[in-house]
Amino acid sequence: MNLIKWEKSDPLDSLTHIQREMSDLFDFLSSAPQMEGYVNVEYPPIIVSMNEENVFVRAELPGIKVSDLDVQVVNDILTMKGERKFTPDPAKATYLRRERDYGTFARSIVLPEKVDAEKVTASYKNGVLTVKLPKAPESKPRQVVIKKS
Amino acid sequence: MEKKELPAVGKKKISSDKCVVTGKGNWYFPLSDIYETPDNFTILIDMPGAGIENINIDLQDNELVVNGEVSQEAYTDEKVVYNEYNIGHYHRHFVISDAVNRDKIEAKMSDGVLSLVLPKAEHVKPRKIEVKAE
């Protein structure tokens with residue numbers, strides 16, 4: 001019969017060990033080439049910003065023709081659709097490196113404020129789509145006059 | 001070519017453990033394609049947000065260095081409420097061989113995509129050899 005000597009050790013020691021292992025693991029993971037961590041992002045990734053008058057939605061969409069882009073606003077939902085076309089003629093070109101992708105995309109977002117759908121404008125410059133959505137009058141800040149009684 | 005959906009690819013940040021980043025702002029590694037046609041090599045680089053005036057292309061020895069800076073002026077009076085990507089400058093370099101005619105490199109920018117056309121040097125262009133009848 002084998003007897004195993006019971007080490008009188010602090011049970012917390014093993015926790016410390018796990019903690020060290022985990023911290024090593026995190027160090028290892030974070031030293032890998034960094035992809036910026038936005039999980040489950042749909043294409044195109046967007047930035048939504050606001051000032052007092054407008055809501056802005058921006059998306060980086062390089063290499064798309066304006067005629068292939070479609071922006072719609074229905075109530076408070078903004079839809080961006082489009083297609084990025086494959087540029088060179090594949091019969092003539094031999095690819096040496098391929099990182100960029102092509103295809104169709106569609107994305108809808110719920111806007112943070114009520115907007116005036118009639119006055120929405122969109123511009124496309126240097127591959128960045130900017131949709132400017134003026135806020136509806138009811139969602140603009142209103143000054144309330146306090147009466148002294 | 002069949003239709004497919006564009007996948008969302010995160011931007012690759014140039015981290016400071018690989019190189020020393022000086023200057024303001026983030027720097028990113030732009031995605032690029034390289035393809036070959038009988039007369040040229042073409043490099044396509046996605047640099048959304050970089051204007052023509054902010055793109056610098058340098059050829060030093062064998063290295064073609066492309067830098068594109070992006071201005072963030074538009075955001076000065078806006079408050080960002082939701083954010084899925086960061087804005088930053090772009091940097092990428094390519095090593096080119098003798099197969100490229102360096103005097104005739106051309107660059108074009110359209111819709112945020114920079115295209116560099118590198119003409120092949122005469123000695124690497126495909127040549128047809130005719131068979132003579134004896």
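**Two chains and the contact between them**

Contact between the two chains involves 52 residues of chain B and 50 residues of chain A. The model shown here is predicted, and the predictor gives the complex an ipTM of 0.81 together with a pTM of 0.75. The size of an interface is often given as the accessible area lost when the parts come together. For chain B and chain A, that buried area is about 4,600 Å², with 55% of it given by carbon and sulfur atoms. On the side of chain B, the residues that lose the most area to chain A are Leu6(B), Glu84(B) and Tyr85(B), which together account for 17% of what that side buries.

Chain A has a mean pLDDT of 83, and 84% of its residues reach 70 or more. Among the elements of chain A, the lowest mean pLDDT, 78, belongs to helix H1 (residues 12-30), while the highest, 93, belongs to strand S8 (residues 128-134). Chain B averages a pLDDT of 85, and 95% of its residues score at least 70. Within chain B, strand S1 (residues 12-13) has the lowest mean among the elements, at 80, and S10(B) has the highest, at 93.

Next comes the second largest pocket, which holds about 480 Å³ of space. It is lined by 26 residues, and those closest to its centre are Thr87(A), Arg100(A), Leu44(B), Ser110(B) and Val113(B). Two or more lining residues come from each of several elements, namely S4 of chain A and, in chain B, strand S3 (32-36), strand S4 (40-46), S9 and S10. By residue type, the lining of this second largest pocket divides into 11 charged, 10 nonpolar and 5 polar residues.

Several backbone details also deserve a visit. In chain A, Tyr43(A) and Pro44(A) are joined by a cis peptide bond, with omega at about -5°. Pro44(A) has its place in the loop between H1 and strand S1 (46-50) of chain A. Asn75(A) counts as exposed because its relative accessibility is 64%, and the cut-off for exposed is over 50%.

With a relative accessibility of 30%, Asp111(B) counts as partly exposed.

The last stop is Pro134(A), found in strand S8 of chain A, the element with the highest mean pLDDT in that chain. Its relative accessibility is 16%, so Pro134(A) counts as buried, the cut-off for that class being under 20%. Pro134(A) and Val55(A) are 79 residues apart in sequence, while their C-alpha atoms are 6.2 Å apart in space. Leaving aside residues up to four places away in sequence, Pro134(A) touches Glu53(A) and Asn54(A), as well as Val115(A), Asp116(A), Lys119(A) and Val120(A).

Note on methods:
Residues numbered from 1 in each chain as written. Chains lettered and ligands numbered in written order. Predicted model: local features only at pLDDT ≥ 70, side-chain atom pairs only at ≥ 80, totals over all residues. Heavy atoms only, no water. pLDDT = per-residue confidence, 0-100. Helix = DSSP H or I, 4+ residues; strand = E, 2+ residues; numbered from the N terminus. Buried < 20%, exposed > 50% of the residue type's maximum accessible area, 1.4 Å probe, protein only. 1 Å grid on protein atoms, 1.4 Å probe; cavity = no way out; pocket = protein on both sides within 12 Å on 5 of 7 lines; lining within 4 Å. Points joined across faces, edges and corners; volume = space filled by probe spheres on them. Nonpolar A, V, L, I, M, F, W, Y, C, P; charged D, E, K, R; others polar. Contact = heavy atoms within 4.5 Å. Buried area = accessible area lost by both parts, 1.4 Å probe.
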